[in-house]
Amino acid sequence: RSAGDEHSQNAGAYIFRPATPRQRARPVGGSGLGRAVSVDVVSGPLVVEVRQSFAPWLNQTIRLAAGAGHAELEWFVGPVPVEDGVGKEVVSQFQTSVQNAPPEKAPADKARSESTQEGSKEGSKEGLKKAEGAEVSGAAPSLFTDSNGREFLERIFDQRPTWNLKSHEPVAGNFYPINVGAYLADSQAQVSILTDRAQGVGFGGQGKQGRFEVLLQRRLLVDDSRGVGEPLNETSAGITSYAAEDEACPACRLGGGVSARGVHKLQLRPPAAGLQALRGEAARSFQPLLTAFRALDEAGARKERGRLARKAEYAANEAGREAAEEGQQRRQEQLPGDETKATQFVPGAAGAAGATKAEEAAPGALPENVRLLTLQAVGPAAVFLRLEHCFAVGEDPLLSQPASVDLGGFLVAALGLEYASSVELTLTGNQALEDHEYLDWQTLPTASGASSGAQGKGGDADGGAAVRARAARRARAKTRVFGDEGDGGGQVTLDPMEIRTAIVYLKTPLGEAASQRAAARAAKRQSR
């Protein structure tokens, strides 16, 4: 771009900006239409792979695994060619039949939006509420992006929730950061994408319905003049010294461009089940089970093999016995004149959201909408604990409801620890919640023109109501004693999107409890 050009601001490490404000992505592949130049299909009993090659530096594998609730797209980009002297930013575009720009919000989306606004009134940090008088065009498509993996925010093409936007950058101005994923929906379907890293997502096709694109890789040749002092051009062999006087080329890139690879997971669900599937897969992707191994000598290895063989034999015998008992019970339940008992959904039951009375979760298990964020020993008989409600208001008819956790049952079932008492802390864990003093920030103008946190432009009706609502939330937080709610001690309740933090004191020191568990396991092995 020339210095006098209206669009002379370069793209770089801090600036995302196409060569022209309305530039569309140029397809890579056969005939310049984005078609794969080669496709290989590998099919097996467990997985089917479609391996696509669009260019020597751009490949993708689409993977469908048996029983999986998503399609996995593994992409390979790089080194991005720049021999033509032009920097490039690579996006993956998706086109669907979802009508995410209807004249009027679909009922499911409307209810979800109203619930999100209600969440704002209740103090949700991420809740969105349209500004009074803001013009919202019914034809503008929308998508939802996550806010640091927590709530999902609605993004409307060329619009902002709190002011009337005059867009000069329809491409760059409609890209948003995502850490977990994004989705678009109508009254019939929800299409969701999960990422494995922080990326950018935008409205593909200049804001047309059913389209979005994800930014994968960038390689640029001009600095954006925002302080880095070099183009965003990562190379495989690094860079020469900035300061060395004997360098023939100070601060010059060495080697070819770097390559990147990653995975996107694509889901298709009815709108009512979309967020449950998205959040569930996000938890499995970002908090996978950790497999650990330990070294054994030859004698220990033989003993371990014997133990595993006995365990397998015992499990097989138990499975056969349970199958026989289940068959006998089924025959009895289906005798003539008897009605087969129908299982019913149990709202709030721990474990799967679809749990039935016949298939209730194990005692002490966390509810499906509650996640263990932190568990750390902080003393001989104390642990630092954080629990998170991982659904927002209105995202799911059942999982968005408040959830209760039996701390005593959970600690015993998961770790064999006996709950004694607890003290709730602030989110950062640096002071007791009951000792925390909130600051009243002066954010609203008063009638005299000064700022005040206690009175708004319209007097007490505006600012005073907000202050009273905030004070009520604080008072409620201090009266909700962690671990003493519900019937008896050891109960804690979490509202949607709430994180509660506490020091939990145990009846038995951790070291002693570990010794007791080891002795119990040894006795159990000997009894077999």
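Visitor: What do the side chains of Glu234 and Arg253 form?
Guide: They meet in a salt bridge, 3.7 Å from N to O. Keep in mind that this is a predicted model.

Visitor: Where do Glu234 and Arg253 lie?
Guide: Both lie in the loop between strand 12 (211–219) and strand 13 (260–269).

Visitor: Is Glu234 buried, exposed or partly exposed, and what is the value?
Guide: Glu234 is partly exposed, at 40% relative accessibility. Arg253 is also partly exposed, with a relative accessible area of 25%.

Visitor: Next pair. Which residue does Glu281 bridge to?
Guide: Lys265. The closest N and O atoms of Glu281 and Lys265 are 2.9 Å apart. This pair links distant parts of the chain.

Visitor: Are Glu281 and Lys265 buried or exposed?
Guide: Glu281 is buried, at 8% relative accessible area. Lys265 counts as buried too, at 16%. The cut-off for buried is under 20%.

Visitor: How many salt bridges are there in the whole structure?
Guide: A search finds 17.

Visitor: Which residues are linked in a network of salt bridges?
Guide: Glu49, Arg51, Arg63, Glu72, Glu74 and Arg261 are linked that way. Within that group, Glu72 pairs with Arg63, and their closest N and O atoms are 2.5 Å apart. Arg63 is buried, with a relative accessible area of 18%.

Visitor: Switching to helices. Which residues of helix 4 are buried?
Guide: Leu407, Phe410 and Leu411, in a helix that runs over residues 407–415. They cover an arc of only 95° around the axis, which puts them on the same side of helix 4.

Visitor: Why do residues three or four places apart point the same way in an α-helix?
Guide: An α-helix has 3.6 residues a turn, so residues at that spacing point the same way.

Visitor: And which strands do the buried residues of helix 4 pack against?
Guide: There are several strands on the list. Strand 14 (370–379), strand 15 (382–389) and strand 16 (403–406) are among them. The list also includes strand 17 (419–425), strand 20 (491–494) and strand 21 (499–506).

Visitor: What happens at the start of helix 4?
Guide: A side-chain oxygen of Asp406 comes to within 3.2 Å of the backbone nitrogen of Gly408. Just after the helix, Gly416 has a positive phi of about 70°.

Visitor: Which residues have a positive phi without being a glycine?
Guide: Asn148 is one of them, with a phi of about 55°. Asn148 is in the loop between strand 6 (142–146) and strand 7 (152–156). Met497 is another, at about 65°. Met497 belongs to the loop between strand 20 and strand 21.

Visitor: Are Asn148 and Met497 buried or exposed?
Guide: Asn148 counts as exposed, at 62% relative accessibility. Met497 is buried, with a relative accessible area of 11%.

Visitor: Where is the peptide bond that is cis?
Guide: From Gly78 to Pro79, with omega near -10°. Pro79 is in the loop between strand 4 (71–77) and strand 5 (88–95).

Visitor: Now the outside. Which residues form a nonpolar patch on the surface?
Guide: Val39, Val41, Val48 and Leu64 do, with about 330 Å² of accessible area together. Val48 is in strand 2 (residues 47–55). Val48 is partly exposed, with a relative accessible area of 30%.

Visitor: Overall numbers, please. How many helices and strands?
Guide: The protein chain has 6 helices and 21 strands. Of its 528 residues, 35% are buried. The accessible surface is about 30,400 Å², and 53% of that belongs to carbon and sulfur atoms.

Visitor: What about contacts between residues at least 6 apart in sequence?
Guide: Of those contacts, 56% join residues at least 24 apart.

How values were computed. Residues are numbered from 1 along each chain as its sequence is written. This is a predicted model: local features need pLDDT of at least 70, side-chain atom pairs count only at pLDDT 80 or more; totals for chains, interfaces and linings use all residues. Side-chain values use heavy atoms; hydrogens and water are left out. Helices (H or I, at least four residues) and strands (E, at least two) are DSSP runs, numbered from the N terminus. Buried means under 20% relative accessible area, exposed over 50%, partly exposed in between (1.4 Å probe, protein chains only). Contact means heavy atoms within 4.5 Å. Accessible areas come from the Shrake-Rupley method with a 1.4 Å probe; for residues, only the protein chains shown count as cover. The arc is that of the directions from the helix axis to the C-beta atoms. A polar contact is a pair of N or O atoms within 3.5 Å; within protein, one must be able to donate a hydrogen and the other to accept it, and residues adjacent in sequence count only if both atoms are side-chain atoms. Patches are made of residues with over 30% relative accessible area and no salt bridge: like charges are joined within 9 Å, nonpolar side chains (Val, Leu, Ile, Met, Phe, Trp, Tyr) within 5 Å. A salt bridge is a side-chain nitrogen of Lys or Arg within 4 Å of a carboxyl oxygen of Asp or Glu.
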